[in-house]
Number of protein chains: 2
Amino acid sequence: MAKQADSKKRRVRGSRTGRPIMTLLDLLGQRWSLRILWELRDATLTSRALRTACDEASPTVLQARLTELREAGFVELGDGGYGLTALGRELCETFMPLHRFAERWHSKSGV
Amino acid sequence: MAKQADSKKRRVRGSRTGRPIMTLLDLLGQRWSLRILWELRDATLTSRALRTACDEASPTVLQARLTELREAGFVELGDGGYGLTALGRELCETFMPLHRFAERWHSKSGV
DNA sequence: CGTGTTGCTACGATAAATGTAGCAATAGAA
DNA sequence: TTCTATTGCTACATTTATCGTAGCAACACG
C-alpha cells in the first residue's frame, strides 16, 4: 500500500497526518510535556523552580519542551516565571480528571 | 533476552515520587501510549492493524507499550486482537475531550 | 504440503533525553 | 564600582529510547 506522501520532514514526531488530535497527542506524548502542564496547573514557576518540581529533569529537555509549549500557545513566560496561558489552562482542565482516575487506578492495581 | 518490564514495581521513567498521577503521566508520556489508547478507543485491533493505524510505528516500541499498557490494566489481548479493558475505556474517556480541544486549538493557532 | 495470517523479538542505526557545567543578563546590596 | 545571587538558557558528552528492517514460532486455511 502506498505510504503517505514524501514528507521527509516530519512536523511533529510520529504524526504525519496533520490531524490536530494527532499533533496534540504527539506534543503531549513527549517527555515532561504533561508534567510541565501539570506543575503549572495552579502556579507560576521560574525555570529553576519548575526544574525542581519536575524531579530535577535536565534543563535541556525542559527548555525544549517549554519552547514547544510556548509555540503551541499553552505556556507563556511572564514576570513571575512560566505560567499557563488561557488556552493552556483550558487544556490542563481537559485532562484534570486524570488525577482522580490515577488515584482510582492506583488503588485498583496496587493494593 | 526478552527484557521486558516483568515487574509490577518497575520504576517508571522520570517519576520517582510514586504518586499515582506522576506514574500515570509518565506512562502516558511515552511515545505511542496516548496514540494506542486513542486508536483502540472504539475498535479492537490486531497488532498489525494497530501498527498500521499508528503510522507504521516500529513494532519494537509498539509491543513494549502494549506490554506496559497491559500490565497497567488498560489494554488486553483477546480473540479479535487488542482492545481496551473497562479501566482502559474509562481512561480513554477521561481525555476524550482532548479531541474537541485539539480542533479548537488548531483553528486558533496558525492555519 | 504451501500460503498467509497472528503476536512477538533481534539488532544495528538513529533520534531523544540525561547530567554536568557554564554562559549573559539582571538586580540588590556593600 | 564590585561582589553576590538570581534569572532564562545553552554546550556537549554519555546514556537511553525509538526506528526500521528482518525474521521467528504458532496457528489456520486449502
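The model is predicted. In it, helix α1 of chain A packs against helix α6 of chain B at an angle of about 100°, and α4(A) gives the most residues to the surface near DNA strand D. Two non-glycine residues with positive phi, W32(B) and D55(B), are also described.

- On the side of α1(A), the contact is formed by P20(A), I21(A) and L24(A).
- The residues that α6(B) brings to this contact are L98(B), H99(B), A102(B), E103(B), W105(B) and H106(B).
- By class, the contact residues comprise six nonpolar, two polar and one charged.

**Surface near DNA strand D**

- There are 19 residues around DNA strand D, and those that come nearest are T46(A), S47(A), P59(A), S58(B) and V61(B).
- Two or more residues each are supplied by α3 (47-53), α4 (59-71) and β2 (81-84) of chain A, and by α4 (59-71) of chain B.
- Four residues come from α4(A), which gives the most to this surface.
- The surface is made up of seven nonpolar, nine polar and three charged residues.

**Hairpin of chain A**

- Strand β1 of chain A (residues 75-78) runs antiparallel to β2(A), and four bridges join the two.
- These strands, β1(A) and β2(A), form a hairpin with two residues between them.
- Within the pairing, E76(A) stands opposite G83(A) of β2(A).

**Positive phi in chain B**

- Most residues other than glycine have a negative phi.
- W32(B), which is not a glycine, has a positive phi of about 75°; it is located in the loop between α1 (20-28) and α2 (33-39) of chain B.
- W32(B) counts as buried because 24 C-beta neighbours lie inside 10 Å.
- D55(B) is likewise not a glycine and has a positive phi of about 55°; it occupies the loop between α3 and α4 of chain B.
- D55(B) counts as partly exposed because it has 16 C-beta neighbours inside 10 Å.

**R48(B)**

- R48(B) belongs to helix α3 of chain B, residues 47-53.
- With 11 other C-beta atoms within 10 Å, R48(B) is exposed.
- R48(B) and F101(B) are 53 residues apart along the chain, and their C-alpha atoms are separated by 29 Å.

How values were computed. Residues numbered from 1 in each chain as written. Chains lettered and ligands numbered in written order. Predicted model: local features only at pLDDT ≥ 70, side-chain atom pairs only at ≥ 80, totals over all residues. Axes fitted to C-alpha atoms, helices over the stretch in contact; angles between N-to-C directions. Contact = placed C-beta atoms within 7 Å. Nonpolar A, V, L, I, M, F, W, Y, C, P; charged D, E, K, R; others polar. Near = placed C-beta within 6 Å. Buried ≥ 20, exposed ≤ 12 C-beta atoms within 10 Å, placed from the backbone. Pairing = 2+ DSSP bridges.
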